[in-house]
Amino acid sequence: MLKKPVLVESLIVFVTVLFVHAVVWDRYSWCAVALAIQAFYVQFKWDRLLQLGGAVFQFRTAANSGLLPASMVIPLLGIVMKERCKAAGIVYFERFGIVVASTGMLVALFLSVIAVGITKPVPTNTCILTGIAGSIIIYTMKHSLTVSEVIEVLEVLLIFVYLSMILLYLLPRCFTPGEALLVLGGISFVLNQLIKRSLNVVEGRGDPIDFFLLVAVVGVVLLGLFFTVLFIFMDSGTWISSMFFHMMTAVLGLGVIMPWLYRLIQRNPLFWLLQFLFETQTRVYLLAYWTFLAASACGIVFYQNAKRSSESKKHQASTITRKYFHFIVVATYVPGLIYDRQLLYVAAVLCLAVFIFLEYIRYFRIKPFGQTLRHLLSLFLDERDSGPLILTHIYLLLGMSLPVWLFPRACAPKGTLSGAGALVPYSGVLAVGVGDTIASVFGSTMGEIKWPGTKKTFEGTMTAIFAQIIAVALILIFDSNVNLNSSYAWILASVSLVSLLEAYTTQIDNLLLPLYLQIMFMA
């Protein structure tokens with residue numbers, strides 16, 4: 001029953017890979033195609049392991065392994081980044097794109113080898129395919145990377161291995177193998193970049209907002225690991241533990257994270273942040289507007305919980321109710337993208353840190369708000385929140401923010417890329433804020449023709465494509481920096497492929513869809 005949607009999902013990913021490499025074909029394209037073919041075969045081994053309960057860790061149920069779509073994201077991002085920066089003549093970031101692509105391929109290959117290794121009996125054909133793909137990737141890396149770049153790739157792989165063993169053990173049923181590859185692979189790369197830039201701070205490249213992102217992500221992850229280990233030995237729900245939590249958060253923030261950021265940006269982080277946030281009148285207006293939207297989102301949470309009567313404690317918010325937050329996020333991001341992308345970049349980092357910190361409070365039941373957050377957020381749970389963490393709202397924020405954070409600013413001297421690349425920062429808004437939201441609302445209310453093997457409807461998908469095209473037209477009207485240079489057919493193909501992927505994937509679409517749309521726009 002699960003295999004037919006998986007085959008269609010795999011076909012969509014293969015078409016995306018071929019579309020990208022039809023534009024940027026080079027030696028890395030052979031590696032990407034080989035990786036896709038072997039990931040397709042290994043994905044079924046992972047699915048079999050999950051169905052039989054033979055996986056080493058507990059993964060999220062009610063979804064396939066997602067190995068193929070996840071395996072291609074980081075390599076394709078690196079390849080399209082390399083091509084864009086090569087066209088702009090920025091050698092440093094061209095090499096950076098090669099490192100990103102090589103790292104993504106090696107991490108995905110490692111996860112495939114793990115699946116093949118623990119499958120009984122050992123699948124001979126899949127082993128041969130994995131060996132061939134590995135040989136092609138390693139041979140290409142040998143002739144493309146310098147010694148320092150090879151070391152950097154291996155460092156990320158080592159961090160990924162240790163993070164996987166720790167977090168997948170501590171957080172059962174929170175990820176599928178594919179989601180773990182994306183999330184933990186991304187964290188591993190960020191951690192390695194932060195270490196590398198900290199050691200070379202004198203000759204470091206990038207502006208303070210890049211360092212702010214790296215330190216914030218690594219800081220909240222290390223904070224979570226610290227308290228997870230600590231609360232193994234003590235009850236996290238007591239007042240003493242809660243006071244210790246808040247005290248140690250302040251100590252780690254002011255004693256470790258702040259000095260670390262100070263070393264990187266060579267100025268007081270708090271003074272820099274305040275000066276940055278209130279530098280212009282436009283930023284003050286945007287911050288006031290975003291504060292109003294945040295208050296509105298909180299109001300929706302309180303209102304929906306107030307409607308929950310004592311007789312219906314098991315009542316869950318409807319799909320349409322959850323999509324209110326998608327509309328609010330779109331209303332948040334679009335003005336930021338039009339008027340001040342740097343402010344949006346920093347505000348999204350701050351919001352991510354706050355979201356993860358509040359999730360720690362909820363998960364550890366930290367007083368005085370831990371139990372209240374558990375009660376308020378339980379109304380909005382869905383089948384994807386099957387583990388101890390509630391991650392859907394964090395995935396929504398990441399899906400909207402990653403295209404902004406991953407936009408290669410250094411390779412866009414005028415602040416925007418040519419052609420469809422001008423829409424890259426809007427990938428999250430289009431794929432999640434518009435496409436996914438409209439598909440869900442119209443599909444659940446008016447949809448009748450279901451895609452084979454799924455709950456998604458044909459009407460929902462077609463409406464999502466139409467809505468995204470309208471959104472692109474509105475972006476052209478209101479954002480004078482966007483010039484598509486007649487690349488409308490490519491935009492339509494990109495939007496259509498990603499909308500079909502939304503209909504068939506069982507992975508977290510808030511995370512996966514914006515990344516694939518960004519890849520297509522950057523190709």
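1. Helices α2 and α3 are roughly antiparallel to each other. In this predicted model, α2 covers residues 27-52 and α3 covers residues 67-88, and they pack at an angle of about 165° with their axes 8 Å apart. That angle falls in the antiparallel class because angles over 145 degrees count as roughly antiparallel, those under 35 as roughly parallel, those from 65 to 115 as roughly perpendicular and the rest as oblique. Axes here are lines fitted to C-alpha atoms, for helices over the stretch in contact, and angles run from 0 to 180 degrees between N-to-C directions. Helices are DSSP runs (H or I, at least four residues), numbered from the N terminus.

2. α2 passes α3 in a right-handed crossing. A crossing is right-handed if the near helix is turned clockwise from the far one by less than a right angle, and left-handed if anticlockwise. On the α2 side the contact is made by Y28, A32, L35, A36, A39, F40, V42, Q43 and W46; on the α3 side it is made by L67, L68, P69, S71, M72, P75, I79 and K82. Contact means heavy atoms within 4.5 Å. By class, these residues divide into 14 nonpolar, 2 polar and 1 charged. Ala, Val, Leu, Ile, Met, Phe, Trp, Tyr, Cys and Pro count as nonpolar, Asp, Glu, Lys and Arg as charged, and the others, Gly among them, as polar.

3. α3 also meets helix α19 (residues 509-522): their axes come within 9 Å and cross at roughly 30°. Here α3 passes α19 in a left-handed crossing. From α3 the contact takes L68, P69, M72, V73, L76, L77, V80, M81 and R84, and from α19 it takes L512, L515, Y516, Q518, I519, F521 and M522. The class count for this contact is 14 nonpolar, 1 polar and 1 charged.

4. A further helix pair is α8 (residues 208-230) with α9 (residues 239-265), whose axes come within 10 Å and cross at roughly 150°. α8 and α9 are therefore roughly antiparallel to each other, and α8 passes α9 in a right-handed crossing. Among the α8 residues in this contact are P208, F211, F212 and L230; α9 contributes residues including F244, F245, W260 and I265. The contact of α8 with α9 has 18 nonpolar, 2 polar and no charged residues.

5. The whole structure holds 20 aromatic pairs. Rings of Phe, Tyr and Trp (its six-membered ring) pair if their centres lie within 6.5 Å; planes under 30 degrees apart count as stacked, over 60 as edge-to-face and the rest as tilted. The rings of F93 and F96 have centres 6.2 Å apart and planes at 75°, so this pair is edge-to-face. Both residues lie in helix α4 (residues 91-117), 3 residues apart, about one turn of the helix. Elsewhere, ring pairs join F226, F227, F231, F245, F357, Y360, Y363 and F364 into a cluster.

6. F93 is partly exposed, with a relative accessible area of 24%, whereas F96 counts as buried at 16%. Buried means under 20% relative accessible area, exposed over 50%, and partly exposed in between (1.4 Å probe, protein chains only). T103 also lies in α4 and is buried, with a relative accessible area of 4%. Not counting residues up to four places away in sequence, T103 touches V153, V156 and F189.

7. L352, in helix α13, counts as buried at 7% relative accessibility. Leaving aside neighbours within four places in sequence, L352 is in contact with V217, I394, L397, L398 and W405. L352 and L49 are 303 residues apart along the chain, and their C-alpha atoms are separated by 33 Å.

8. Some backbone details are in loops. The peptide bond from K367 to P368 is cis, with omega near 10°; P368 lies in the loop between α13 (341-364) and α14 (370-378). R173 is not a glycine but has a positive phi of about 65°; R173 sits in the loop between α6 (147-170) and α7 (177-199) and is partly exposed at 30% relative accessibility. Q266, also not a glycine, has a positive phi of about 60°. Q266 is in the loop between α9 and α10 (269-277) and counts as exposed at 57%.

9. Residues are numbered from 1 along each chain as its sequence is written, and side-chain values use heavy atoms, with hydrogens and water left out. As the model is predicted, local features need pLDDT of at least 70 and side-chain atom pairs count only at pLDDT 80 or more, while totals for chains, interfaces and linings use all residues.

How values were computed:
Helices (H or I, at least four residues) and strands (E, at least two) are DSSP runs, numbered from the N terminus.
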